[in-house]
Amino acid sequence: MSAVTRAEYCVVACAEAWRGAGEILASPMGVIPSVGARLARRTFSPELLLTDGEALLVGVDGTVEGWLPYRLHLELVTGGRRHVMMGASQIDRFGNQNISCIGDWARPVRQLLGVRGAPVNTLNNPTSYWVPRHSRRVFVEKVDMVCGVGYDRAGGARHHRIPRVVSDLGVFDFATPDRSMRLASLHPGVSVGEVREATGFELAVPAEVPYTREPTAAELRLIREVIDPDGTRAREVAS
Amino acid sequence: MSDKTMSADEAVSRLESGMTVGIGGWGSRRKPMALVRALLRSPVTDLTVVSYGGPDVGMLAAAGRIRRLVAAFATLDSIPLEPHYRAARERGAFALTEVDEAMFLWGLRAAAHRLPFLPVRAGLGSDVMRVNPGLRTVTSPYEDGETFVAMPALRLDAALVHVNRADRRGNGQYLGPDPYFDDLFCEAADAAYVSCERIVDTAELTKAGPPQSLLIKRHTVTGVVEAPQGAHFTSCAPDYGRDEAFQRRYATTPWPEFAARFLAGDEQAYRAAAGEAT
């Protein structure tokens, strides 16, 4: 089998977000988180619920096992039995996330999506993030509009948790005394310096940083032959 | 039994400038586009629009009809950013009440239930609180003492929605996988106008789908408009999917050019022009 690509390390890093999650809904947004969630479902987290991206809950072979239109999806969020992986146009060192607009909210330089469900997600169920191009434009000192709530603004909210941030360079978490972002693992081929260079704030870096784990042969086969045979993952993260 | 059928232009003639109008569907999905096109033909303006935004918001914003928008997002789904909405926001064309998707739903529910607000665990800690300084919180009177956002009711002067089938009395049916929030829009409004792909006899409704597909109840409906292809170019499953080629054209054509080519005439002219274009 050919060498593991960066996109494939990213898939595995995203899949790991749902390890041990139990019988909850996995809500991946973006191609690589979607491949990751399906990989987790097919391997180490078989109890996960997945949707077809619209209103149906489906098994790995597409068998419909339930109905989840938007209104029920929003209610499921408030019940907490879900782990969403959202995108982020900006994210700061405490995990505040922005997908609404760039610049002054009253008159934005660039209007983006809007807050969408980020406020309800972050106060109700575990929310992780996926950033396909790690840069100082995304990893900023201060986000322009707080959509997803970070640790410094959550005020200890009962159900607030940001398990991880996955980028094309590595995996990050908030396992520090002040809940600021920490480098948890580097994807093979990436250096600490490279990550620091691409991050617009002071990142916590442990003395020993592990590498993101290798996919197993079975996982690689699932990714390449079953879940994403057309290689759409490479359009989000080049090799 | 009252016959509530009317034309799209008649329905829109009952709207007034300055009204708060809720628009059903979600993003670029089952939007009441024929009613929006009728609105664009009318002089009605200065609207507060309440919508899970798609091209309905984009068109009304581009045409300068929106004074305030209440929304959590605007998207064309297959094209993530709604270009006309985006341009209007960047030139400061209207005021925005930006709330979370769940806050929006709780606001509609509060209005439908005639409550002044509903508590919701969303918004706190986010800049939704900063950009909506009028939002208040409410504290649980029980021992948990938790603080919530008191999402105010999104009461509507009028609602515009589109479904697959309806009878002449205003019973509306959706046949796709998702009802979206169209029943709530109707319940939250003083007057609701339901367009549909086809008006059928009441007895026909339960032949097309189970009773659970009868989403909208006639006591919440003021007018029924038969509008085949009335959600075009958004999706209206299972009757038709999104017209992706036409949506791309909408997204990439300068607004004055698009409006002149497709929106200058009536609905029949729109369908003819759209048919030629794709």
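In this predicted model, helix α1 (residues 6-15) of chain A packs against helix α2 (residues 31-42) of chain A at an angle of about 60 degrees, and their axes are 7 Å apart. Because of that angle, α1(A) is oblique to α2(A).

**Helix packing in chain A**

- The crossing of α1(A) and α2(A) is right-handed.
- On the side of α1(A), the contact is made by Ala7(A), Cys10(A), Val11(A), Val12(A), Cys14(A) and Ala15(A), while α2(A) contributes Ile32(A), Pro33(A), Val35(A), Gly36(A), Leu39(A) and Ala40(A).
- Sorted by class, the contact of α1(A) with α2(A) has 11 nonpolar residues and one polar residue, with no charged residues.

**The largest pocket**

- The largest pocket has a volume of about 1,800 Å³, and its lining consists of 46 residues, of which Met29(A), Gly30(A), Gly87(A), Leu113(A) and Arg116(A) lie nearest its centre.
- Two or more residues of this lining come from each of β1 (25-28), α2, α3 (70-79), β4 (82-87) and β9 (127-131) of chain A.
- The element that gives the most to the lining of the largest pocket is α3(A), with four residues.
- By class, the lining of the largest pocket has 20 nonpolar, 15 polar and 11 charged residues.

**The second largest pocket**

- The second largest pocket holds about 190 Å³ of space, and among the 14 residues that line this pocket, Val70(B), Thr97(B), Met151(B), Pro152(B) and Leu154(B) are the closest to its centre.
- In chain B, the elements that give two or more residues to the lining of the second largest pocket are β2 (47-51), β3 (66-71) and β7 (147-152).
- The lining of the second largest pocket, counted by class, has eight nonpolar, five polar and one charged residues.

**Backbone details**

- In chain B, a cis peptide bond joins His232(B) and Phe233(B), with omega at about 15 degrees, and Phe233(B) has its place in the loop between β11 (223-226) and α9 (244-252) of chain B.
- The peptide bond from Ala237(B) to Pro238(B) is also cis, with omega near 0 degrees, and Pro238(B) lies in the loop between β11 and α9 of chain B.
- In chain A, Arg179(A) has phi near 60 degrees, which is a positive value in a residue other than glycine, and Arg179(A) is found in the loop between β11 (170-173) and β12 (182-186) of chain A.

Conventions. Residues numbered from 1 in each chain as written. Chains lettered and ligands numbered in written order. Predicted model: local features only at pLDDT ≥ 70, side-chain atom pairs only at ≥ 80, totals over all residues. Heavy atoms only, no water. Axes fitted to C-alpha atoms, helices over the stretch in contact; angles between N-to-C directions. Parallel < 35°, antiparallel > 145°, perpendicular 65-115°, else oblique. Left-handed = near helix turned anticlockwise from the far one by under 90°. Contact = heavy atoms within 4.5 Å. Nonpolar A, V, L, I, M, F, W, Y, C, P; charged D, E, K, R; others polar. 1 Å grid on protein atoms, 1.4 Å probe; cavity = no way out; pocket = protein on both sides within 12 Å on 5 of 7 lines; lining within 4 Å. Points joined across faces, edges and corners; volume = space filled by probe spheres on them.
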